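Notebook open, structure loaded. I'm jotting down what I look up as I go.

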Number of protein chains: 2
Amino acid sequence: MSNVECDEIINRLTSMLPAERPIALHEPTLGQLEENFTKDCLRSGWISTAGAYVDRFEKELAHFCGIEHAIATVNGTSALHTCIVLAGVKANDEVLVPALTFVGTLNPIAYQQAIPHLLDCEKSTLGIDPEKLDQHLQRIAEIKNGTCINRQTGRTIRALVVVHILGIPANMPALARIAEQWNLILIEDAAESLGSFRDQRHTGDWAQLSALSFNGNKIISSGGGGAVLTKNSELAAQARHISTTAKQPHSWDFIHDKVGYNYRLPNLNAALACAQLQRLPEHLSNKRKLYRKYRETFSDIETAKIHQPPEALQCNHWLNLLLLSDKNNRDLLLQEAHAQGLLLRPLWNPMQQLPMYAQCPSDDLSTTQQLWETGICLPSSPGLAA
Amino acid sequence: MSNVECDEIINRLTSMLPAERPIALHEPTLGQLEENFTKDCLRSGWISTAGAYVDRFEKELAHFCGIEHAIATVNGTSALHTCIVLAGVKANDEVLVPALTFVGTLNPIAYQQAIPHLLDCEKSTLGIDPEKLDQHLQRIAEIKNGTCINRQTGRTIRALVVVHILGIPANMPALARIAEQWNLILIEDAAESLGSFRDQRHTGDWAQLSALSFNGNKIISSGGGGAVLTKNSELAAQARHISTTAKQPHSWDFIHDKVGYNYRLPNLNAALACAQLQRLPEHLSNKRKLYRKYRETFSDIETAKIHQPPEALQCNHWLNLLLLSDKNNRDLLLQEAHAQGLLLRPLWNPMQQLPMYAQCPSDDLSTTQQLWETGICLPSSPGLAA
């Protein structure tokens with residue numbers, strides 16, 4: 001029975017995907033434009049942490065997102081860490097984060113020797129469940145002298161990091177309200193959601209600080225790459241300052257006035273990023289096409305359904321998610337698909353499963369658990385839409 | 001009088017340097033090879049944190065240095081941070097470092113919420129003065145239960161980070177002996193000294209863990225780039241593990257068993273690094289030529305002398321250092337040289353001058369102070385030797 005169901009799913013995937021094998025989960029699309037821009041960068045001699053492509057990429061990226069400032073960094077982790085540092089997260093602070101996310105959301109919290117506090121997600125957006133968060137905070141937290149305190153641990157809850165899972169905008173209106181109510185600094189991890197909008201606002205637009213990623217598996221890639229987004233000029237200046245070596249401007253003196261992180265994106269990678277950004281509208285259109293194709297393919301089958309984000313959201317459909325009705329099929333399907341060169345992936349193991357985060361404070365995580373047990377990420381490169 | 005001396009120095013520089021202006025302190029040399037390798041990388045589709053160029057660069061770099069393992073990272077700071085983490089440096093530990101260094105030596109210590117402990121340098125190598133360090137430790141430290149303790153602060157002194165300043169190998173035989181005697185983990189910051197040897201051993205070969213940099217101003221550059229060097233297979237595996245996302249190998253599961261730093265060098269930058277590494281022998285030869293040219297140019301003038309590393313050392317001459325007899329001439333010379341497009345630089349402001357490190361424990365730093373007051377770094381790109 002199980003085997004039959006798996007075969008049926010794989011047959012449907014095979015019928016709609018190109019014949020080449022293996023098919024990766026998500027690959028970069030590269031061409032002449034990328035070659036031209038990187039060659040131009042090499043010929044300019046400006047390949048390192050300053051240069052015209054960095055400036056251009058930051059300007060064009062900010063414009064695309066409709067957020068005033070973008071500060072380019074070496075990757076999404078470094079961008080999020082910059083946000084966390086600027087939010088004033090300190091050793092022994094707690095930071096609210098979803099349990100269903102890539103580990104890169106939690107690591108920058110650990111860099112500060114702060115403690116992730118795990119939250120459950122909602123099925124519709126896969127992001128943090130605002131209702132559950134509200135109830136959780138009412139149960140465990142209080143505000144003392146303007147600071148949110150976890151009554152169970154005695155620690156300060158400093159910030160709330162919302163992640164736009166698989167590119168689906170989380171319920172930001174509700175989550176931003178909760179952050180305000182509980183005096184939490186709101187940060188958006190938009191690593192997966194470049195090109196995703198809610199109410200005509202790009203993901204990252206609700207928080208004072210948010211992070212993007214341009215890793216090799218993202219909708220656009222600069223090799224490694226990331227960015228901090230902010231509407232606040234002062235925070236933008238600070239992000240720029242600490243993501244370099246925090247040197248005061250001077251023709252020759254080396255006065256660094258803060259601990260700097262050397263996180264700036266090299267100009268070579270920015271050249272690649274500029275080329276990739278030109279492809280983004282086409283990628284978004286192809287990824288919408290691919291999502292519709294997947295929906296159609298699995299419309300009349302009971303054992304597996306494509307996850308549908310709420311219609312009102314404008315998603316980049318970074319990864320398409322198949323939800324199985326029977327959790328016992330998951331590993332069987334993964335095994336069989338891999339054997340045939342279809343490189344499907346489960347969702348990330350929920351964070352409380354990882355040894356370094358197993359002891360973190362947490363809310364009930366039943367929806368996270370259920371999604372992890374039944375979810376399968378499907379190959380989603382824009383080129384697959386053709 | 002001062003003005004006359006400055007003019008004399010600038011005249012001599014002008015007589016031996018090419019006519020183009022500005023002349024930067026140190027620029028990358030890039031050509032067809034770099035274009036070919038990066039184009040090939042783009043065409044392979046493997047631009048991100050894994051790929052054949054990363055493997056190749058690590059292998060060729062390790063071979064060049066004669067050190068078993070090289071692990072490529074996004075920059076020198078991340079490489080050194082990886083060393084510091086693997087050395088087990090924890091919050092509130094002290095780490096011995098030179099006061100005369102780039103701030104990037106100290107920042108990774110601060111990332112761990114540990115405390116730099118500043119040491120003075122010796123004139124001959126510009127690196128940590130072993131004799132002074134020995135006396136300092138005898139004065140302030142003791143070994144308790146196998147751990148070196150600062151009796152004045154009560155804190156553990158965990159490690160000794162030696163820096164090969166301007167590419168000159170520090171006195172490693174003596175410093176390694178002191179580290180052993182005081183149970184300090186020895187780390188070499190070889191960011192500036194790729195291609196520098198002492199007793200036929202490449203810098204980085206004395207420590208269990210050392211760090212290189214391929215930033216835009218280094219002897220070779222991959223845009224951003226760095227590497228951890230180690231002879232120890234276990235440490236190499238750990239460096240590789242935590243410089244990625246610390247994921248256990250599995251076809252689809254996401255079990256990360258440690259806090260990872262996402263520090264791996266993208267394959268695109270590794271392609272550039274592979275091309276640059278081929279140029280290294282030529283760069284080294286050109287830089288030796290340039291050093292000799294500078295020595296000759298300033299051989300018969302009393303007010304300014306080129307710093308001469310001990311003859312027995314094989315230096316990469318990353319930056320050539322001019323030492324003025326009168327410290328009052330330094331800023332005047334810098335100002336006048338910049339006005340004429342000669343982008344000279346002083347040495348880095350000693351670390352105790354920076355606000356975040358002003359309160360660090362320290363030895364007497366008089367040699368550091370004197371060198372900083374009278375030292376001028378001269379343009380040292382290999383291309384200037386022609």
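Before anything else, a note on naming: helices (H or I, at least four residues) and strands (E, at least two) are DSSP runs, numbered from the N terminus. This is a predicted model, where local features need pLDDT of at least 70, side-chain atom pairs count only at pLDDT 80 or more, and totals for chains, interfaces and linings use all residues. Residues are numbered from 1 along each chain as its sequence is written, and chains are lettered from A and ligands numbered from 1 in the order in which they are written.

**Entry: His136(A)**

I looked up His136(A) and found it in helix H6 (residues 130–140) of chain A. My cut-offs: 20 or more other C-beta atoms within 10 Å of a residue's own make it buried, 12 or fewer make it exposed, and partly exposed is in between, with C-beta atoms placed from the backbone. I also checked Asp363(A): its C-alpha atom is 6.6 Å from that of His136(A), though the two residues are 227 apart along the chain.

**Entry: the sheet in chain A**

Next I traced an open sheet of seven strands in chain A, with mixed pairing and the order E1-E11-E10-E7-E6-E2-E3. I count two strands as paired if DSSP finds at least two bridges between them. Strands E1 (69–73) and E3 (115–119) of chain A stand at the edges with a single partner strand each, so one side of each has no neighbour in the sheet. On average, neighbouring strands of this sheet are turned by 25° against each other, direction ignored.

I then went to strand E6 (residues 157–163) of chain A, which pairs with strand E7 (residues 185–189) of chain A in the parallel sense over five bridges. Val163(A) has Asp189(A) as its bridge partner in E7(A), and Val161(A) has Ile187(A). Strand E2 (residues 94–98) of chain A also runs parallel to E6(A), joined by three bridges; there I noted Glu94(A) with Ile157(A) as its bridge partner in E6(A). Seven of the seven residues of E6(A) are buried, so this strand is largely enclosed by the rest of the structure.

Helix H7 (residues 172–181) of chain A lies across E6 and E7 of chain A, at about 175° to E6(A). For that angle, axes are lines fitted to C-alpha atoms, for helices over the stretch in contact, and angles run from 0 to 180 degrees between N-to-C directions.

**Entry: where the chains meet**

How many residues does each chain give to the contact? I find 53 from chain B and 53 from chain A. Contact here is C-beta atoms, placed from the backbone, within 7 Å. On the chain B side, H2(B) gives the most, with five residues. By class, that side has 22 nonpolar, 23 polar and eight charged residues. For the classes, Ala, Val, Leu, Ile, Met, Phe, Trp, Tyr, Cys and Pro are nonpolar, Asp, Glu, Lys and Arg charged, and the others, Gly among them, polar.

I laid chain B on chain A: RMSD 0.0 Å, by a turn of 180° and a shift of 0.0 Å along the axis. The two copies are thus related as by a two-fold rotation axis. Superposition is by least squares on the C-alpha atoms of residues with pLDDT of at least 70 in both.

Technical notes. Contact = placed C-beta atoms within 7 Å.
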